[in-house]
Amino acid sequence: MTDCANGEVRDLLPDLLHDRLAPAERQRVQAHVDGCAECRAELGLLRGLRAAMHRVPAIDTGAVAATIPAYRAPARRSWTSWRAAAAVALIAVGGASVALVQRGSGAHSDSTSTAAPTAVAVADPVATSGAAGTAGETRRVAAAPSHRELALASAAIGELDERELSTLVKDIEQFDAVPSAEVENGTAATPLSPRGDE
Amino acid sequence: MTDVASDPRSQAEDRTDLELVAQWKAGDQRAATRLVERHADALARFVASVGARGDVDDLVQDTFARAFASLDGFRGESSLRTWLFSIARRLMLDRRRSERRRGEQIEIHESDAQTEFDPLDDVVARETEARMRRAVARLTPTQREVFMLRVSEGMSYREIADAVDTTEGAARVHYHNAMRAIKELLDD
């Protein structure tokens, strides 16, 4: 079987077979085919191939459809839950950093290693506002929380409403950046304090 | 006499794929059935012609299961049928890979192509058709996929490119190479 030299028309023969050409184009291609033995033969071959390939086992569509479950919309995380997660992450990172600071300064101040501060105290401006000026109390605020305290704080954050969360996030943002964990010249790192107390 | 306008089945026939998808999402399970009925045969033809052996039903079912589970990710950039073909193709590739890992022979032979159609051939197959099927079975896997989608399903090169993850130009080349190969095989 030889090929027609008109590659453009040959390219469109499957579309002619499936009646997918626009009327004007269909007319043009059909006119060519009518006068071209090679294209008529190729179109006949395509028709035969389509018929041959259409012989497949019948599918039990009812059985297939029966396995399709009812639609379930994907779950979406609320903005509040994202903010709560962010607040928990901030406190966890802050607590870990403070723990590192305390470890570095522990050799210089035994009093800090025996303090029992809480993570909530770090985030609570009331606990820190009255502590300015007394190094001991300021250190108490900056000390690392225990795992249990962090867990309790996380659970409590989950119960906060939008406004309370907003306040908490603002309070956290008002703290200075976490101090370097490195201790310079053997001195203890600067304790954390709210910006307003400086 | 049946009132065609009020016949739900007739109404479903008229709805586009996207409308049926929206209906299914709204809780109408009949819309899912209609979508299956509309596309199952074409999917079966595709998976059978590109080499699924004996598990056409499973592949079609798995394709629909996968598709309906991820319909939220279907953005309608291609037709639903093209999207279904692309899912079926990925499933077949996954199965071939796992068969390969198990050391199974996965090449398609003429006898495979013959066998997978035989259950329906309860009448004597015409020799011409049998030869055509054998010729198609001897194409490369990619040529067979492209040729099948172009000739059996009448898809455009753009649609084929979307379904088999290639370019429009490459799809065109595969089609013409397949056509030339089939002519040579039939002329032998």
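In what order do the elements of chain A run from the N terminus on? They run α-α-α-α-α-α-α-α-α-α-α, which gives 11 helices and 0 strands. Here helices (H or I, at least four residues) and strands (E, at least two) are DSSP runs, numbered from the N terminus. This is a predicted model, where local features need pLDDT of at least 70 and side-chain atom pairs count only at pLDDT 80 or more, while totals for chains, interfaces and linings use all residues. Residues are numbered from 1 along each chain as its sequence is written, chains are lettered from A in the order in which they are written, and side-chain values use heavy atoms, with hydrogens and water left out.

**The two chains**

- Chain B holds 10 helices and 0 strands.
- In chain A, 34% of the 198 residues count as buried, and in chain B 49% of the 188 residues do; buried means under 20% relative accessible area, exposed over 50%, and partly exposed in between (1.4 Å probe, protein chains only).
- Chain A has an accessible surface of about 11,600 Å², with 55% belonging to carbon and sulfur atoms, and chain B exposes about 9,400 Å², with 47% supplied by those atoms; the areas come from the Shrake-Rupley method with a 1.4 Å probe, and for residues only the protein chains shown count as cover.

**A look at Asp17(B)**

- You can find Asp17(B) in helix 2 (residues 17-25) of chain B, where it is buried at a relative accessible area of 16%.
- Leaving out residues up to four places away in sequence, Asp17(B) touches Leu35(B), Arg38(B), His39(B) and Leu80(B); a contact means heavy atoms within 4.5 Å.

**Salt bridges**

- Side chains of opposite charge can pair when their charged atoms come close.
- Over all chains, the structure holds 22 salt bridges, each a side-chain nitrogen of Lys or Arg within 4 Å of a carboxyl oxygen of Asp or Glu.
- One of them pairs Arg20(A) with Glu159(B) (3.2 Å, N to O). Arg20(A) lies in the loop between helix 1 (7-17) and helix 2 (23-34) of chain A and Glu159(B) in helix 9 (residues 157-164) of chain B, so this pair joins two chains.
- Within helix 2 of chain A, Arg28(A) and Glu25(A) sit 3 residues apart, about one turn of the helix, and their side chains meet at 3.4 Å, N to O.
- Arg89(B) and Glu145(B) also form a salt bridge (2.8 Å, N to O). That pair links distant parts of the chain, with Arg89(B) in helix 5 and Glu145(B) in helix 8, 56 residues apart.
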